[in-house]
Amino acid sequence: MRPQNDFYHKPEHTKENSFKERSGKAMLRRKSQLRAKLILINSAVALIVIMIVLICKVVSLNSVDSINSLEADKNHTKQEQSKKAEKKKSQAAPEATPAPTAVPAQTVPVGKDRWLRKNLDPAKPMVALTFDDGPYTPVTKRILATLQKYNEKATFFCVGSRVGQYSQMVQQEYQQGCQVASHTYGHVLLTKLKKKKILAQINKCNTVLQRTIGCSSTVLRPPGGLVSEKVRNTATEPLVCWSVDSEDWKSRNKKKVLKKCRNIKDGDIVLMHDLYPSTAAAVEKLVPRLKKKGFQLVTIDELFYYKGITLENGKVYYSAR
């Protein structure tokens, strides 16, 4: 019989095998743990490397931005310094500007030449419409508008005492190329005055015109068309009356005014007044009618210039025929 303790003790070779197994398993566990540690370490290293790379990139970008900012600041500073230097140069010694190319100047007639056009056709009939006793804005303005519409001219014999009140109208007459002439200062009959007062009426009106449009009158219309030897000898300008009387002052009717102007001829001087609305209405019809007949509507100076008649001071003219 075996002893009882044999049942509790394994054989030696079995113990050795069990120890080896335990050792192998422990070894495997250690290897597995080591491998896991290595993986963790590698991952940590990789993460650190990635973070380092990212940090480097960020630092690099910031450095580039800083450099660019510095460069921009430098360039801006250089530009400011350059501008200041140029400003100092320009203040110290301004550059000579090149001489402008000469352009032929278009001369605008001034003074009495403004109402004497040199491009009219002397072969075509001419008529001078004249207006006395103005200016008076409500009527004068309409007459000027009609003349401008048809590019025609007329002569306005102004009363000097009215020029100040209606100076804008007188200036517009002048600007449109119409002739501004004298109808004395106070519209008094010159035949009833002494020589000194005749001259005063003429000179005072011319002074007002000179102040208003920059030139004086070249012709004088005596009030009422009345002239005496004393007036002729005293007058310092040609005396211009009329050959056609529209009698607008009498009828104050558009149709009657047009009827009086039916038989206008070449060289005629027509008398009207820029005081009555009926006259302005008649002019609006008369101007296109005369143009349709081939008439050129001219100033007094133009009429006599193209008819070859030299106007003389103190001489009375009724037409240019």
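What percentage of the 321 residues of the chain count as buried? The share is 36%. The structure on display is a predicted model, and this tour visits several of its parts in turn.

**The whole chain**

Among contacts with a separation of 6 or more, 78% are accounted for by residues 24 or more positions apart.

**A patch on the surface**

Select Leu 34, Leu 38, Ile 41, Val 45, Val 49 and Val 53. These residues form a nonpolar patch on the surface, with about 510 Å² of accessible area together. Val 45, one of them, belongs to helix 1, which covers residues 12–92. Val 45 has a relative accessible area of 44% and is therefore partly exposed, because it falls between the limits of 20% and 50%. As background, an α-helix has 3.6 residues a turn, so residues three or four places apart point the same way.

**Helix 9**

Move to residues 277–292, which make up helix 9. At 1.5 Å a residue, its 16 residues should span 22 Å, and the end C-alpha atoms are 24 Å apart, which agrees. Look along the helix for a kink of about 25 degrees, centred on Val 283. Colour the buried residues of helix 9, including Ala 280, Val 283, Leu 286 and Leu 290. The elements that cover the buried residues include strand 1 (126–132), helix 2 (137–149) and helix 8 (254–260). Just after the helix, select Gly 294, which takes a positive phi of about 95 degrees.

Now select Leu 144, which is found in helix 2. Its relative accessible area is 0%, so Leu 144 is buried. The C-alpha atoms of Leu 144 and Ala 280 are separated by 9.2 Å, although the two residues are 136 residues apart along the chain. Neighbours within four places in sequence aside, Leu 144 is in contact with several residues, among them Phe 156, Met 169 and Cys 178.

Show the side chains of Glu 284 and Arg 142. They form a salt bridge in which the closest N and O atoms are 3.2 Å apart. Glu 284 lies in helix 9 and Arg 142 in helix 2, so the pair ties together parts that are 142 residues apart in sequence. Glu 284 is partly exposed, at 33% relative accessible area, and Arg 142 is partly exposed as well, at 31%.

**A buried serine in a loop**

Finish at Ser 216, in the loop between helix 5 (195–213) and helix 6 (229–234). Ser 216 is buried, with a relative accessible area of 18%. Not counting residues up to four places away in sequence, Ser 216 touches Lys 112, Trp 115, Asn 206 and Gln 210.

Definitions and conventions:
Residues are numbered from 1 along each chain as its sequence is written. This is a predicted model: local features need pLDDT of at least 70, side-chain atom pairs count only at pLDDT 80 or more; totals for chains, interfaces and linings use all residues. Side-chain values use heavy atoms; hydrogens and water are left out. Helices (H or I, at least four residues) and strands (E, at least two) are DSSP runs, numbered from the N terminus. The expected span of a helix is 1.5 Å times one less than its number of residues. The bend at a residue is the angle between axes fitted to the seven residues ending there and the seven starting there. Buried means under 20% relative accessible area, exposed over 50%, partly exposed in between (1.4 Å probe, protein chains only). Contact means heavy atoms within 4.5 Å. Patches are made of residues with over 30% relative accessible area and no salt bridge: like charges are joined within 9 Å, nonpolar side chains (Val, Leu, Ile, Met, Phe, Trp, Tyr) within 5 Å. Accessible areas come from the Shrake-Rupley method with a 1.4 Å probe; for residues, only the protein chains shown count as cover. A salt bridge is a side-chain nitrogen of Lys or Arg within 4 Å of a carboxyl oxygen of Asp or Glu.
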